[in-house]
Amino acid sequence: MGVQDLRSFHTLMDKSTGSAVKPQGNVLAYLAIARLDHSTKHIFIIPGIMLADLLRGIHVDSLGISIGLGLITAICVASANYVINEWFDRDFDKFHPTKSQRSAVQKRLRGNIILLEWLAFLSLGLACAFANSKAMFLIASIFALQGIVYNVPPLRTKDKAHIDVISESINNPLRLMIGWAMVDPTTLPPSSVLLLYWTGGAFLMAAKRLSEFREIVASHGKLLLERYRASFAGYSETSLTVSCLVYALYSSFFLAVFLIKYRIEYLLSVPAVIALFAQYLALSMEPGSSAQKPEKLFRESRLILLVALLAVLFVLTTFINIPALEAFTGQRYISFQ
């Protein structure tokens with residue numbers, strides 16, 4: 001968090017206790033809350049495309065059209081979710097040092113226009129999903145429903161400790177399924193991969209909260225943090241750190257299940273995966289961590305290097321057979337006779 005962020009935050013806090021009238025939002029303000037710049041998160045779709053091609057083969061008439069419709073679906077439904085996220089968070093984000101700069105906090109936005117914007121993005125996303133396949137439409141519908149459950153009262157799972165992480169991270173396997181459905185709309189990915197993606201996403205979300213907890217408590221105190229997000233009342237630095245470890249262990253377990261069942265050579269990529277978990281956890285503990293803004297992670301050179309290494313290992317182990325690794329798939333004993 002920079003000095004300018006702190007100054008802007010304190011200025012906004014002063015205004016929030018006064019009678020200052022916020023300026024009316026323009027078209028750009030409404031467009032900003034759709035967070036189209038967060039589309040980098042859809043990189044989680046790519047492994048779904050690759051896995052479906054490797055394990056099932058192409059089951060669509062035109063792969064290019066299917067991928068195009070799938071990407072529009074993911075971007076539009078995600079943007080619809082972001083629209084209601086910022087709208088329902090506007091009275092809480094003003095207590096956050098950087099989110100207090102969001103359009104819904106700084107500008108006066110109209111609820112009827114927000115509703116129309118949400119419906120427009122959602123309708124376009126669901127229409128593209130329906131044009132793609134029944135599977136894509138079902139996945140997109142669940143994606144949209146998750147946004148409602150997570151953000152809209154009285155459910156609003158984001159205000160409940162631990163449930164917030166579990167409910168938000170379901171977006172990861174949904175993105176994986178979108179990628180899979182682009183290639184094969186007749187099946188779903190293996191359950192081990194879906195659970196790997198879910199728990200891996202939970203690790204990312206828990207690390208994000210750990211970063212926010214450490215930074216905001218240190219600079220402004222826990223009371224302000226709880227005013228920003230009610231779920232933090234049920235968290236401590238220790239519980240968040242432990243939850244990161246738990247989610248990482250679950251994710252590694254489901255990864256091992258998948259590797260042993262489908263292609264044992266992928267075991268060679270496990271050290272890179274473990275290094276990724278370690279690097280991300282270390283990153284979340286740095287001041288002003290990019291873990292708080294996942295869309296900015298591409299700026300983290302070490303993290304990108306590890307991702308590149310993992311991609312190379314994945315490609316190599318896809319095409320290189322190593323019979324000696326078959327020893328890990330059956331019962332083996334060391335005999336002294």
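## Ala-181

Ala-181 is buried, with 2% relative accessibility (buried means under 20% relative accessible area, exposed over 50%, partly exposed in between, with a 1.4 Å probe and protein chains only). Ala-181 sits in helix α9, residues 171-183; helices are DSSP runs of H or I with at least four residues, numbered from the N terminus. From Ala-181 to Ser-231 there are 50 residues in sequence and 34 Å in space, C-alpha to C-alpha.

This is a predicted model, in which local features need pLDDT of at least 70 and side-chain atom pairs count only at pLDDT 80 or more, while totals for chains, interfaces and linings use all residues. Residues are numbered from 1 along each chain as its sequence is written, and side-chain values use heavy atoms, with hydrogens and water left out.

## Salt bridges

The structure holds 15 salt bridges, each defined as a side-chain nitrogen of Lys or Arg within 4 Å of a carboxyl oxygen of Asp or Glu. Arg-102 and Glu-86 form one, at 3.9 Å from N to O. Arg-102 lies in the loop between α4 and α5 and Glu-86 in helix α4, so this pair ties together parts 16 residues apart in sequence. Lys-158 and Asp-89 form another, at 2.6 Å from N to O. Here the loop between α7 and α8 is tied to helix α4, and the parts are 69 residues apart in sequence.

Both Arg-102 and Glu-86 are buried, and so are both Lys-158 and Asp-89.

## Cysteines

The count of disulfides is zero, a disulfide being a pair of cysteine sulfur atoms within 2.5 Å. For Cys-76, the closest cysteine sulfur is that of Cys-128, 6.2 Å away and too far for a bond. Cys-76 is buried at 7% relative accessible area, and Cys-244 is buried at 1% relative accessibility.

## Cavity

There is one cavity of 30 Å³ or more. A cavity is a set of points on a 1 Å grid over the protein atoms alone where a 1.4 Å probe fits but cannot get out, and lining residues have an atom within 4 Å of a point. The volume of the largest cavity is about 30 Å³, taken as the space filled by probe spheres set on the points. Its lining includes Arg-35, His-38, Tyr-82 and Arg-175. Helix α4 (residues 63-93) gives the largest share of this lining, four residues.

Terms used
1 Å grid on protein atoms, 1.4 Å probe; cavity = no way out; pocket = protein on both sides within 12 Å on 5 of 7 lines; lining within 4 Å. Helix = DSSP H or I, 4+ residues; strand = E, 2+ residues; numbered from the N terminus.
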